[in-house]
Amino acid sequence: MSHLPDSHDTAPVKPSLWALSPLLVFFLLYLVISVAVQDFYAVPVTVAFTAAAVWAVLITRGKSMAERVDLFSSGVANRNILMMIWIFVLAGAFAQSARDMGAIDATVQLTLRLLPDNLLLASVFIASCFISLSVGTSVGTIVALAPVAVGLAEATQASTGMMTAIVVGGAFFGDNLSFISDTTIAATRTQGCAMRDKFRANVKVVFPAALLALACYVLLGWHVQSPPMGDAPIEWMKVFPYLLVLVTALAGIHVMAVLTLGLLATGLVGVGMGYFSFMAWFRAMGAGMTGMGELIIVTLLAGGVLALIRHNGGIAYIIGKITSHIRGRRGAEFSIAALVSMANLCTANNTIAIITVGPIAKEISDKFHIPPRRSASILDTFSCLVQGIIPYGAQMLMAAGIAQVSPLMIMEYLYYPLILGVCSIAAIALAPGRTRRHRKS
């Protein structure tokens, strides 16, 4: 799920490579040290981002300390950031309430009874792809499916990181293709093409990647075994809050309304059926909200850091460097892919990344006669690809928070984004490189 950016902060800035150094600080502290010591929990992500935030404030020039902090705070107070905070709070309250009343366990038992063991991983991926394609939001898909995926991992002794990664991968399949996704709307509007034309261009790359990922999950899950279910009856009342969340999500209702309805359902069913007391429901909600604390801190810090990077000219530097070395149509397509990928690294929001570089991508595509549907497809695919693998993106943080694992534990199993990246690069590299006039899409 993505949101449109605020309309302010449009003044031109001086390009600066140094402005990108806070991201380097974060990656060095978080990724490099964790990999070096082979411990994904060695460096808390909050500590890494705090260091990046301090560094971003210190390197901002031409401002007093108070003004620097104000700039940082404006990024923290961005409406997109605050919307994600609301979603995190509600998701934490719902997930813990559903878990305490037995909704997750009952849904897991139902899933294990309906699906064959050796197709469990593949089935979770298909479900994630279908839901995300239907609702057009990766965050909504992760909120709906991640708790059940974690429960399935516990029941089958599969890796929690792998099961969560399957959901994350499928979530971006639909975010990339759905007609109602913000990324699709942003990409087609900035490039001036019809959604159906962008879909046709996209599906040629995305669908083969999804099939290859599905084959991997079939092989990985071939020996998965679930515990015997016996003849225990299905507790439909416990499953109801979760089914309500899935149905309302598929109906296209806003994710905050979906979570609120699910939360109320856990209270009505849980208290009404005697699964827990009224006060126990309150305690469950409080524990769930508190459990999202790390997610909320990282999201706020990321918003401030990325606002300073933009203010200091980091994105302007990337745009200037990449567009200055374009040679031919193939190079132009790679440049569009690189532009939106780097912008996404610096904004942690795929829709904002598309809107940021969309006009520049349009100029490049017009100059080198790239069909609008093609440039729109590249923008959407690479923005979703990067958003799906960065450890500080809202989707990854949400999935990690629900699964209670490090984002690096999820990144280790992100097969679909990896395959999609290979397929997308190959599609550009192997496409005809000749420059020719095109009909408008």
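Is H369 buried or exposed?

1. **What you are looking at.** This is a predicted model in which local features need pLDDT of at least 70 and side-chain atom pairs count only at pLDDT 80 or more, while totals for chains, interfaces and linings use all residues. Residues are numbered from 1 along each chain as its sequence is written, and side-chain values use heavy atoms, leaving out hydrogens and water.

2. **H369.** To take up the opening question, H369 is buried, with a relative accessible area of 15%; buried means under 20%, exposed over 50% and partly exposed in between, with a 1.4 Å probe and protein chains only. The residue sits in the loop between α17 and α18. Helices here are DSSP runs (H or I, at least four residues), numbered from the N terminus. H369 has a positive phi of about 55° although it is not a glycine. Most residues other than glycine have a negative phi.

3. **Q404.** Another residue that is not a glycine, Q404, has a positive phi of about 60°. Look for Q404 in the loop between α19 (394-403) and α20 (407-411). Q404 is exposed, at 58% relative accessible area.

4. **Helix ends.** Helix α16 covers residues 328-347, and its 20 residues reach 28 Å from first C-alpha to last, close to the 28 Å expected at 1.5 Å a residue; the expected span is 1.5 Å times one less than the number of residues. Just after α16, A348 takes a positive phi of about 55°. Helix α9 is followed by G192, whose phi is also positive, near 70°.

5. **The buried side of α9.** In helix α9 (residues 182-191), the buried residues are T183, T184, A186, A187, T188 and Q191. These pack against α8 (160-177), α10 (195-220), α17 (350-367) and α18, where a contact means heavy atoms within 4.5 Å.

6. **T248.** Helix α11 (residues 236-250) holds T248, which is buried at 8% relative accessible area. Leaving aside neighbours within four places in sequence, T248 is in contact with I253, V258 and L261.

7. **G313.** You will find G313 in the loop between α14 (293-311) and α15 (314-323). G313 is buried, with a relative accessible area of 0%. Not counting residues up to four places away in sequence, G313 touches V13, K14, P15, S16 and A19.

8. **Cavity.** How many cavities of 30 Å³ or more does a search of the whole structure find? The search finds one. A cavity is a set of points on a 1 Å grid over the protein atoms alone where a 1.4 Å probe fits but cannot get out, and lining residues have an atom within 4 Å of a point. Points are joined across faces, edges and corners, and a volume is the space filled by probe spheres set on them. The largest cavity holds about 70 Å³ of space. Its lining includes V205, R374 and F382, and α18 (372-387) gives the most, with five residues.

9. **Cysteines.** A search of the whole structure finds zero disulfides, a disulfide being a pair of cysteine sulfur atoms within 2.5 Å. C129 is in no disulfide, and the nearest cysteine sulfur, that of C384, is 12 Å away. C423 is in no disulfide either; for C423 the nearest cysteine sulfur belongs to C216, 11 Å away.

Technical notes
Helix = DSSP H or I, 4+ residues; strand = E, 2+ residues; numbered from the N terminus. 1 Å grid on protein atoms, 1.4 Å probe; cavity = no way out; pocket = protein on both sides within 12 Å on 5 of 7 lines; lining within 4 Å.
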